[in-house]
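Work through the exercises below with the model open. Try each task before reading its solution.

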Amino acid sequence: MITIIGGGPAGIAAALAAARGGERVRIIEGTPRLGGQYWRHLPEEDEERWVGQEKLHDDFQEGYQLRLEVLRHPNIEILFNTHVWHAEIANDQITLNIVRDSNSSQLSTEALILATGAYDRSLPFPGWDIPGVMTAGAAQSLLKGSYVHAGRRVVVAGTGPFLMPVASGLLNDGVAVVGLFEANRISRWIPFTYVVLANFSKVLLARKYMRDFSVHKVKFKRGHAVVRANAGPDGVLRSVTVAKVDRKFKVKMATEREILCDALAISWGFTPDMSIAHNLGIEQHLDVNDGSVVVVVDECQQTSVNQVFAAGEVTGIGGSELAMTEGEIAGMTSARTLGAAWSVEEEEHFKGLVKKRAAQRRFARALSQVYGVQANWMEWLTPETLICRCEEVSIADIQNAVHNLGATNIRSTKLFTRVGMGLCQGRTCSRSVIEILSKESGVNAEVEDHLSAAKRQIVHPISLGMIANSSSVEDSHHNH
Ligand SMILES: Cc1cc2nc3c(=O)[nH]c(=O)nc-3n(C[C@H](O)[C@H](O)[C@H](O)COP(=O)(O)OP(=O)(O)OC[C@H]3O[C@@H](n4cnc5c(N)ncnc54)[C@H](O)[C@@H]3O)c2cc1C
């Protein structure tokens, strides 16, 4: 039995490849459906009506077909609405603690594929906690999954190619996008011209989005950032302040202007979800390109722990196509470690996948260098700007911890301020805190600071009662 945690593009591709190899596969997925962040389309009951129609979201059809293939495969079992809240390994035995319908139980597996993906990276700025400000991922999932519009007049801003599908999706669904702002400049692509040419399908996709913007008369402004969100008398978002920024995100003098809007969808890239990798003691490192903590894998997507593989955004941010290639490799190789034999065609197919992955990783590296978050974002903050929203810790509190209390790293800052100790356990703020600490103390953060900030023993909130009543469901069949 191969267990896959995560039913996104990487998990789906891994499941199909492993099942093709004749293995029994179990997918554990926290949400009620397959598809992950990328294929988050439409409520289940509406799905049938869109099949075959190139409508609303053109990536829907591919995802739909793959999901059906997984759902109908006799070798694949799926535990929906089920979260792995902790994983452990002892004597080469992998045990997963899962929670479903408020019941906790344990199951074991011969091989494991981590395909837990990533979540939105947020940057703090004045007003980011005002109702109406949300991540671009949230705005998109409201639209794709529930046909809900984030607002009537929406500003889309931040950095990265993700801004384009979000703005285009909103526009095509009738929402007024009253501003579209990319903080980095297009000239950053110049050193990567060869990578762009090798991935021409991406250029065509970008052209499609640009056509959407031109049809709807939306100007895509580069070198601009939202540096403040402003509330109206009702405490809800009324406008955003946009400014021109230089290559390091320093605001250019006298360029600020205000745009009236009722929603801001903002994206600063993604953060891989390392929680389960940490539980299992899997080797991780800092991705030199975008500074996030990622799982280390070899050519076969094998991690440092025997029989544990990883695929998709947990090994580095790279998009759904790379996630699927890695997933397929992980599925094939995990099945082989359990005894599946490869035909000559499969050997050849594997070599092709390895080549494809290399090209996709080159593109991913270029993306992370072009759309990096530049250091001067910290200058947008005012002393009262909250950095940790869960525990209401402001930047002034962190500065006080560093300059007056002797905090030197994320651990001591946490103890002095409670930063990162709230509900999200530092998922949202820890990377910003590390960058602020480096700036304030003048000492560059150690790799260990980043690794320790990504550690979370409990992956998903669970009550003590559930742990006490935990049972073993080794052979349970919760399918669908
Ligand atoms: C909010 C958001 C929106 C995005 N939108 C787009 C887009 O429009 N276009 C685009 O090209 N790219 C988009 N991306 C990037 C794209 O989604 C990813 O490249 C791709 O989905 C990665 O696939 P994955 O399988 O690695 O991870 P994901 O798609 O993130 O899938 C991971 C899955 O694992 C599940 N999971 C995680 N932890 C657990 C656990 N402990 N227990 C059980 N289940 C768990 C999650 O519920 C999820 O379904 C988006 C990313 C995010 C974060």
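Residues are numbered from 1 along each chain as its sequence is written. The model is predicted: local features need pLDDT of at least 70, side-chain atom pairs count only at pLDDT 80 or more, and totals for chains, interfaces and linings use all residues.

**Exercise 1.** State how far the chain reaches a pLDDT of 70 or more, and find a stretch below 50.

Solution. Step one: pLDDT is the predictor's confidence in each residue, from 0 to 100. The chain has a mean of 91, and 94% of its residues reach 70 or more. Step two: residues 475-480 fall below 50. Where pLDDT is low, the predicted coordinates should not be read in detail.

**Exercise 2.** Divide the chain into domains and describe the contact of domain 2 with domain 3.

Solution. Step one: the domains, whose bounds come from an automatic or database assignment, are domain 1 (2-119 + 271-368), domain 2 (124-267) and domain 3 (375-448). Step two: nine residues of domain 2 and 12 residues of domain 3 make the contact (C-beta atoms, placed from the backbone, within 7 Å).

Note on methods
Two residues are in contact if their C-beta atoms, placed from the backbone, lie within 7 Å.
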